[in-house]
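Below are some notes on the model, for use alongside the coordinates. Please read them as numbered points.

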Amino acid sequence: MNSKLLALVLFLLAANLQAQFTIDGEIRPRTEFRNGYKNMQNTEGRSPEIITSQRSLLGVSFNEKAITSRIAFQDVRSWGESPTKKDSATIHLKEAWIGFPLNDIIRVKLGRQILKYDNQRILGATNWNNIGSQHDVLLFKLKSGAFQSDLGFAYNNEKGSMPYESYYPLPYYKAMSFLWLKYRFSNMLSASATTLVDLNAKPDTKDTYFARITYGATINFQPIKSLKINTDCFLQNGKNPSGTLVEAYMAGFRADYQLLSNHGIFLGTAIYSGSDPNSDPTNKTNNFDRLYGAKHKFLGYMDYFPIGKNGIQGIFAGTNHKFNSKLKLELSAHIFRLPHQYTDAVSGEKINQYLGTEVDIKASYKIAKKLNLTAIYGTMFGSGSMDIVKGGDHNATSNFAALMLTYKPSFTFIEDSKADKNLPPK
């Protein structure tokens, strides 16, 4: 498989000597210590996990006049998952798209690509996840002055060999479309609106689908140079992939203030609506699904609160400091609580809505121009309510640490029409 990939890349390079192209890569090993990661640790002597995963990516981007394209492959694995001398097929097509203009203000971009908009609340790259998020989509991109708009369409099938429409068994949307609009009023103020409709197949059927719509707005405001404010709000209606009626919402706010040139503070909150699984009607849910957006960046680095389950409110504050051009440090605290009443399935009583507090420390060190080291430590101080909602024991120590090395080399080659300069620079 590796030799075929290399041959394909070399062929693409040879075929594009009359264009500008860039070869880029990423090697990202990450070692994690998980002692109560995602769920509270218990007092029964369960051993912490130490795991190293790695993302290895190779991409080629092309630019020939107004036509752009990109192909990128990646291998994602945990160290030791494949025995020595065993060839495991783990290479994954991350990107394969082409872009071209229809006229002076509209471009088309189609193929496998990364979708990320605004603060990545609904559509994001999800870069902490080693695989990340990609979509097979047709995209129309409009830009005219201060106005931008993207219109996307996707329609999925598991296989292309059937002469008729077949059951789509994957836990993913069957079809998806979205419209993103953005207007920059000034250097201080911009606003965007997003509407996304996804169609999910009913399990074990080929012609029954559940439609869901998510719509909302994001505002970025910078009243003074040292203060940035971001706020967003989304509503969700229709039916979720299980066919349950959805009436849900989310709202978020974040403010960043630069106290000094190298020191800043931030605070904010995010609330995702939810339902009480032990008392609310089962024919309707208020659980907001974050769809294909970022998760890790919003609710703490320990990833305690997955999408579309129970609902959650996070209140956070922190500070960041840049010691020099290489070293940065961030310290933050997150208070988590349920945004609604929750009934204990055993006692039948309502529980305290406060779940716990997470403290995170993140340090980033730039070893070289394209080589960075990131260290993360987080600890969760849970409550008795956290035990009921998530399991585990809040009296046990729950913490998490990660050490990640990221190397992202890139080389750009530009063909000069006046001379033969296709060779890489010395």
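This is a predicted model: local features need pLDDT of at least 70, side-chain atom pairs count only at pLDDT 80 or more; totals for chains, interfaces and linings use all residues.

1. Residues are numbered from 1 along each chain as its sequence is written, and side-chain values use heavy atoms, with hydrogens and water left out.

2. The protein has 2 helices and 20 strands (DSSP runs numbered from the N terminus: H or I of at least four residues for helices, E of at least two for strands). Its radius of gyration is 24 Å, close to the 22 Å from the globule rule for 426 residues, so the protein is as compact as a globular protein of that length. The radius is taken over C-alpha atoms, and the rule is 2.2 Å times the number of residues to the power 0.38. The C-alpha trace spans about 80 × 60 × 55 Å along its principal axes.

3. Of the 426 residues, 41% count as buried (under 20% relative accessible area; exposed is over 50%, partly exposed in between; 1.4 Å probe, protein chains only). Among contacts (heavy atoms within 4.5 Å) between residues at least 6 apart in sequence, 58% join residues at least 24 apart.

4. D232 lies in strand β11, residues 227-239, and is buried at a relative accessible area of 2%. Leaving out residues up to four places away in sequence, D232 touches N119, R121, A217, T218, M250, A251 and G252.

5. Rings of Phe, Tyr and Trp (its six-membered ring) pair if their centres lie within 6.5 Å; planes under 30 degrees apart count as stacked, over 60 as edge-to-face and the rest as tilted. The count by this rule is 12 aromatic pairs. The F305 and F336 rings have centres 4.7 Å apart and planes at 50°, so this pair is tilted. F305 lies in the loop between β14 (284-285) and β15 (312-322) and F336 in strand β16 (residues 327-337), so the pair ties together parts 31 residues apart in sequence. F305 is buried at 11%, and F336 is buried at 0%. Elsewhere, ring pairs link Y117, F178 and W180 into a cluster.
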